[in-house]
Amino acid sequence: MPVIVERDPALIGQLAAMLPPGAHGVDSAEAMHAWLGRNSNEYAVLVGPSLGLEAAIDISESMRYTRPTTSVILVRDEVDTEVLYKAMQAGARDVVRSDDAGAVTAAVGRAQQLWKALHGGQDSAGSTSDGKVVTVFSPKGGVGKTTTSVNLALALAEGGARKVCLVDLDLAFGDVAITMQLFPHHTIEEAIGGEDSIDFAMVESLLTRHDQSLMVLAAPSLPDARDRVTATLVARMMRTLKREFEYVVVDTCPSFDEQTLQALDETDECVIVATLDVPTLKNVKVALETLDLLNIAQGNRHLVLNRADDAVGLDPEKVETILGMPITTMIHSSIDIAAATNAGKPIVIANPGHQASRQYQALAAVLSAEEEPVAPPTAPGMVSPAPATTTPTARGSRWRRSRR
């Protein structure tokens, strides 16, 4: 698929509309190289007009030696002899004007044909593998589940280095869009009734782009749509997104409704959010037992202890004993988290060096299995928990299936 290197999110959206479904946007050459390091099958890089000519030429020259089969296409507001000469010298395959949609589309088509010719007719999409569905769940509302989902998705995306989609499956009262200060024109509600015709082109038309190159599938604007979103629609939506994104992070409602059960059925990694209060821990304990009965994410569960303060009478060690599983990440209470959320800049973006940001990044590292899990900070006298198990296990039939 094409990769767009462009600093202006609005221009990324404009260029993406000219390209095949699945185009990915990043805001720097560094993010582009990181993305290509994980996705070696991309056939075109479009360098947007907000990058100066020197920066665009640098990208072309580096790609000529490191990835000669990936075409570099310079998209410029103005094209003159100097631009064409320098682009040719640097090895760019095409130079097109930003306002010429036909030329952009044609250049990308030529890049795809060249890729196929150089790879024995194999389409670049042929070697891609499915991504991971990461479902964030808690049986109790108000524990910071949406905050966790949003910051985790941003941490996984790494500013566009990974292709991540965040799905708001709290269909009645989803807050993902407002938390990220997004104003979506389309939501999952528009897919209702289209279960039999779902493909990525249709799903992509419902997504909203965040300025960190994260894609968001927003919840309906009104709660009455919840009952019309079927489990079949959720399943096919998850499977379609999983084929196109490295990670699909799903924010769920605080109950085992039909849609949440289906999302859990599709999940590869399950993040359980709890807080240090007895009612929440009781509900989480029951939820874990339910997940055991349904054989969901066995060995792939990760406990996030949110608002982990020492002064509430419960310590993390006791939580691990009650729930029978280790804490993967502890997020301490901080007014900075709420302030960042209220400003529309989640803490991972607003302050990447903040303690909470580092813990969300540590959770992302565990889920991506790119480094050893980072143990959460330990309270006095507390034994550090063992790293969360990430060994996949086979998933059997679900209770929901047996009800049919």
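Residues 24 or more positions apart account for 74% of the contacts in the chain with a separation of 6 or more; contact means heavy atoms within 4.5 Å. The model is predicted, so local features need pLDDT of at least 70 and side-chain atom pairs count only at pLDDT 80 or more, while totals for chains, interfaces and linings use all residues. Numbering runs from 1 along each chain as its sequence is written, and side-chain values use heavy atoms, with hydrogens and water left out.

The chain holds 16 helices and 13 strands. Helices (H or I, at least four residues) and strands (E, at least two) are DSSP runs, numbered from the N terminus. Of the 404 residues, 52% are buried. Buried means under 20% relative accessible area, exposed over 50%, and partly exposed in between (1.4 Å probe, protein chains only).

Start with the five-stranded sheet. This sheet is open, with the order β2-β1-β3-β4-β5 and parallel pairing. Two strands pair if DSSP finds at least two bridges between them. β2 (24-26) and β5 (94-97) stand at the edges. Each has a single partner strand, so one side of each is left without a neighbour in the sheet. From one strand to the next, the twist averages 25°. Inside the sheet, four bridges join β1 (residues 2-5) to β3 (residues 44-47), and these two strands run parallel. Val3 has Val45 in β3 as its bridge partner. Helix α3 (residues 53-66) packs on this sheet and touches β1, β3 and β4 (71-76). The direction of α3 makes about 170° with that of β4. Axes are lines fitted to C-alpha atoms, for helices over the stretch in contact, and angles run from 0 to 180 degrees between N-to-C directions.

Now turn to the eight-stranded sheet. It is also an open sheet, ordered β8-β9-β7-β10-β6-β11-β12-β13, and its pairing is mixed. The edges belong to β8 (208-209) and β13 (327-331). Each of these has a single partner strand, so one side of each lacks a neighbour in the sheet. β8 is joined to β9 (residues 215-217) by two bridges, and the two strands run antiparallel. Arg209 has Met215 in β9 as its bridge partner. Helix α11 (residues 278-294) packs on the sheet, where it touches β6 (132-137), β11 (269-275) and β12 (301-306). The direction of α11 makes about 160° with that of β11.

Next come the helix pairs. Two packed helices are described by the angle between their axes and the distance between the axes. For α11 and α12 (residues 316-323), the axes come within 10 Å and cross at roughly 35°. The crossing is right-handed. A crossing is left-handed if the near helix is turned anticlockwise from the far one by less than a right angle, and right-handed if clockwise. Leu281, Val284, Lys285 and Leu288 in α11 meet Val319, Ile322 and Leu323 in α12. By class, this contact has six nonpolar, no polar and one charged residues. Ala, Val, Leu, Ile, Met, Phe, Trp, Tyr, Cys and Pro count as nonpolar, Asp, Glu, Lys and Arg as charged, and the others, Gly among them, as polar.

The second pair is α9 (residues 231-244) and α10 (residues 258-266). Their axes come within 9 Å and cross at roughly 30°. That makes α9 roughly parallel to α10. Angles under 35 degrees count as roughly parallel, over 145 as roughly antiparallel, 65 to 115 as roughly perpendicular and the rest as oblique. The crossing of α9 and α10 is right-handed. Ala231, Val234, Ala235, Met238 and Arg239 in α9 meet Glu258, Gln259, Gln262, Ala263 and Glu266 in α10. These contact residues divide into five nonpolar, two polar and three charged. α10 is mostly covered, with eight of its nine residues buried. Among them are Gln259, Leu261 and Leu264.

The loops deserve a look too. Most residues other than glycine have a negative phi. Asn295, in the loop between α11 and β12, has a positive phi near 55°. Asn295 is partly exposed, with a relative accessible area of 23%. Ala297 lies in the loop between α11 and β12 and has a positive phi of about 55°. Ala297 is buried, with a relative accessible area of 3%.

Last, find Asp175 in the loop between β7 (164-169) and α7 (176-179). Asp175 is partly exposed, at a relative accessible area of 40%. Not counting residues up to four places away in sequence, Asp175 touches Thr146 and Asp168. Asp175 and Ala218 are 43 residues apart in sequence and 8.7 Å apart in space, C-alpha to C-alpha.
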